[in-house]
Amino acid sequence: MELLKQFSEKYMKEQAPSVNVGDTVRVHIRVKEGSRERIQVFEGTVIAKKHGGVEESFTVRRISYGVGVEKVFPLHAPTIEKVETIRRGKVRRAKLYYLRDRVGKAAKVKEDL
């Protein structure tokens with residue numbers, strides 16, 4: 001068990017971004033296309049957090065051209081440049097999968113002050 005912990009610690013980020021369910025975040029991802037590299041931004045609401053440690057991940061959902069788009073990001077992935085928290089959400093659930101069925105203002109999360 002100790003050996004597994006040592007192995008996973010070297011792949012973890014020292015300053016892991018603080019991401020909570022219900023937050024609206026802007027995730028900056030490093031995308032490599034051939035020999036070129038660029039930063040792509042994905043903005044949306046965090047609807048789930050899973051696992052812990054080095055395999056921790058979070059799911060971000062947004063509506064793009066009327067279609068719901070969800071992406072799962074590993075928290076400690078080297079391709080993630082930074083995660084900006086735009087606004088904190090006030091939620092009472094660990095998973096916000098019910099937002100998938102809602103459209104427009106009904107899909108909004110109240111802001112935590």
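## Briefing: cores and strand pairing in a predicted model

The largest nonpolar core has 13 residues, and Val27, Phe58, Val60, Phe73 and Val83 are those that touch the most other members; such a core is a set of buried Ala, Val, Leu, Ile, Met, Phe, Trp, Tyr and Cys residues joined through side-chain atoms within 4.5 Å, where buried means under 20% relative accessible area with a 1.4 Å probe, protein chains only. Strands β1, β2, β3 (57-64) and β5 each supply at least two residues of this core, and β1 gives the most, with three residues. The model is predicted, with local features needing pLDDT of at least 70 and side-chain atom pairs counting only at pLDDT 80 or more, while totals for chains, interfaces and linings use all residues. Residues are numbered from 1 along each chain as its sequence is written, and side-chain values use heavy atoms, with hydrogens and water left out.

**Core surroundings**
- Valine 27, leaving aside its neighbours within four places in sequence, is in contact (heavy atoms within 4.5 Å) with Gln40, Val41, Phe42, Phe58, Val60, Phe73, Ile80, Lys82 and Val83.
- A second, separate core consists of six residues, among them Ile47, Ala48, Leu96 and Leu99.

**Elements and strand pairing**
- The protein contains one helix and five strands, arranged from the N terminus as α-β-β-β-β-β; helices (H or I, at least four residues) and strands (E, at least two) are DSSP runs, numbered from the N terminus.
- Strands β1 (residues 24-33) and β2 (residues 36-50) run antiparallel and are joined by ten bridges, pairing being assigned if DSSP finds at least two bridges between two strands.
- These two strands, β1 and β2, form a hairpin with two residues between them, and glycine 34 in the turn has a positive phi of about 70°; glutamate 33 stands opposite arginine 36 in β2.
- Strand β1 also pairs with β5 (residues 80-87) in the antiparallel sense over six bridges, and isoleucine 29 has isoleucine 80 in β5 as its bridge partner.

**Whole-chain values**
- The C-alpha trace spans about 45 × 40 × 25 Å along its principal axes, and buried residues make up 30% of the 113 residues.
- Among contacts between residues at least 6 apart in sequence, 50% join residues at least 24 apart.
- The accessible surface, from the Shrake-Rupley method with a 1.4 Å probe, comes to about 8300 Å², of which 50% belongs to carbon and sulfur atoms.

Definitions and conventions: Buried means under 20% relative accessible area, exposed over 50%, partly exposed in between (1.4 Å probe, protein chains only).
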